[in-house]
Amino acid sequence: MNPIGITTWVWAAPLSTEQLPSIACHVAELGYDLIEIPVERTTDLDYRDAAAVIRDTGLATSVCAVMSPDRDLIHPGETIRANGVAYVRHCIDAAHTLGARNVIGPIYSAVGRLWQPTRDERARDIDLLVRQLRGLAEYAADRGVVLCIEPLNRFETSLINLAQQAIEVIDRVDHPACGLLLDTFHMNIEERSIGEAIQTAGRRLRHLHACENDRGTPGTGHVPWQEVADACHAIGYTGPVVIETFTDRVKTMARAVAVWRPLAPSPEFLAREGLRHLRELFDPR
């Protein structure tokens with residue numbers, strides 16, 4: 001059975017130590033198995049206190065890396081690259097303290113940094129990324145954590161838009177602590193077949209973000225959900241299925257991901273209906 005989770009971004013951004021107890025209790029009461037914790041600023045959460053809160057709710061957890069302009073593993077500037085590595089290490093340490101297995105996200109470049117590289121420039125960037133991720137995967141493995149690399153759509157990054165592009169990097173890193181995250185929102189834009197992308201990922205898939213085509217409530221749009229579920233079943237995927245979506249009420253994240261209108265009647269509708277839909281797909285009773 002796949003653990004079904006949801007991001008705290010539905011209710012708060014950035015997440016604070018003071019906000020977490022009520023959100024975590026609410027997530028558990030709704031019937032979720034997992035809570036996903038974004039690390040927007042490295043000083044927002046007391047991870048030991050947060051770990052105790054999450055442990056008391058009985059929830060599993062995962063950590064979401066937020067790759068801001070000063071966090072970039074392949075940036076031309078050495079200082080920004082070093083800051084990117086230090087930040088990902090911070091997320092790995094946070095995951096270890098929280099008891100999280102996965103650190104997920106576009107762990108390569110800053111979200112929103114767009115450029116058009118030549119073939120040689122792209123090859124150089126990928127070579128650098130492989131070296132950076134191999135070192136980070138070794139650091140993660142020592143702490144029982146897996147890095148899950150996420151392709152984003154073309155409007156958010158120039159580097160990795162397709163599952164196949166991420167697979168090529170992951171296979172070159174060739175480390176058990178480096179896997180793949182796929183997101184149905186991004187796949188709906190970039191992949192010719194969502195089901196084929198998932199099946200191609202195979203054993204590399206370690207995390208799945210379940211988002212509607214408009215980034216709203218799963219099951220309310222045109223993402224081919226049965227195809228998603230069938231492909232996951234075909235590869236024997238039993239990892240997390242996490243709703244990563246946003247509301248226009250959380251202004252900082254709404255601006256960052258271009259949510260200019262309500263995507264659901266309320267956060268509660270989004271959380272309840274999204275969970276119901278995913279349970280029917282991944283945990284039919």
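Entry 1, a crossover. I began with strand 5, helix 5 (residues 163–173) and strand 6, which make a right-handed β-α-β unit. Right-handed here means that, with the strands pointing away from the viewer, the path from the first strand over the helix to the second runs clockwise. Helices (H or I, at least four residues) and strands (E, at least two) are DSSP runs, numbered from the N terminus. The model is a predicted one: local features need pLDDT of at least 70, side-chain atom pairs count only at pLDDT 80 or more, and totals for chains, interfaces and linings use all residues. Residues are numbered from 1 along each chain as its sequence is written, and side-chain values use heavy atoms, with hydrogens and water left out.

Entry 2, strand 6 and its neighbours. I checked the pairing, which requires that DSSP finds at least two bridges between two strands. Strand 5 (residues 146–149) and strand 6 are parallel, with three bridges. Cys 148 stands opposite Gly 179 of strand 6. Strand 6 also runs parallel to strand 7 (residues 205–209), with four bridges joining them. There I found Leu 181 opposite His 207 of strand 7. I then looked up burial, where buried means under 20% relative accessible area, exposed over 50%, and partly exposed in between (1.4 Å probe, protein chains only). Six of the six residues of strand 6 are buried.

Strand 3 (residues 60–65) pairs with strand 4 in the parallel sense over two bridges, and Cys 64 has Ile 104 as its bridge partner. The chain gets from strand 3 to strand 4 through helix 3 (residues 78–98), in a right-handed β-α-β crossover. Strand 4 and strand 5 are parallel too, over four bridges, with Ile 149 as the partner of Gly 105. Helix 4 (residues 119–141) carries the chain from strand 4 to strand 5, and this β-α-β crossover is right-handed.

I searched a 1 Å grid over the protein atoms alone, a cavity being a set of points where a 1.4 Å probe fits but cannot get out. Grid points are joined across faces, edges and corners, and a volume is the space filled by probe spheres set on the points. One cavity of 30 Å³ or more turned up. The largest cavity has a volume of about 30 Å³. Which elements give two or more residues to its lining? They are strand 6 (178–183) and helix 6 (184–190). Lining residues have an atom within 4 Å of a point; among them are Pro 151, Asn 161, Leu 182, Asp 183, His 186 and Glu 191. I sorted the lining into five nonpolar, two polar and two charged residues.

I found Thr 217 in the loop between strand 7 and helix 8 (225–234). Thr 217 counts as buried because its relative accessibility is 1%. Thr 217 and Gly 58 are 159 residues apart in sequence and 25 Å apart in space, C-alpha to C-alpha.

I counted ten helices and eight strands in the protein chain. Of its 285 residues, 58% count as buried.

Technical notes:
On a 1 Å grid over the protein atoms alone, a cavity is a set of points where a 1.4 Å probe fits but cannot get out, and a pocket is an open set with protein on both sides within 12 Å along at least five of seven lines; lining residues have an atom within 4 Å of a point. Ala, Val, Leu, Ile, Met, Phe, Trp, Tyr, Cys and Pro count as nonpolar, Asp, Glu, Lys and Arg as charged, and the others, Gly among them, as polar.
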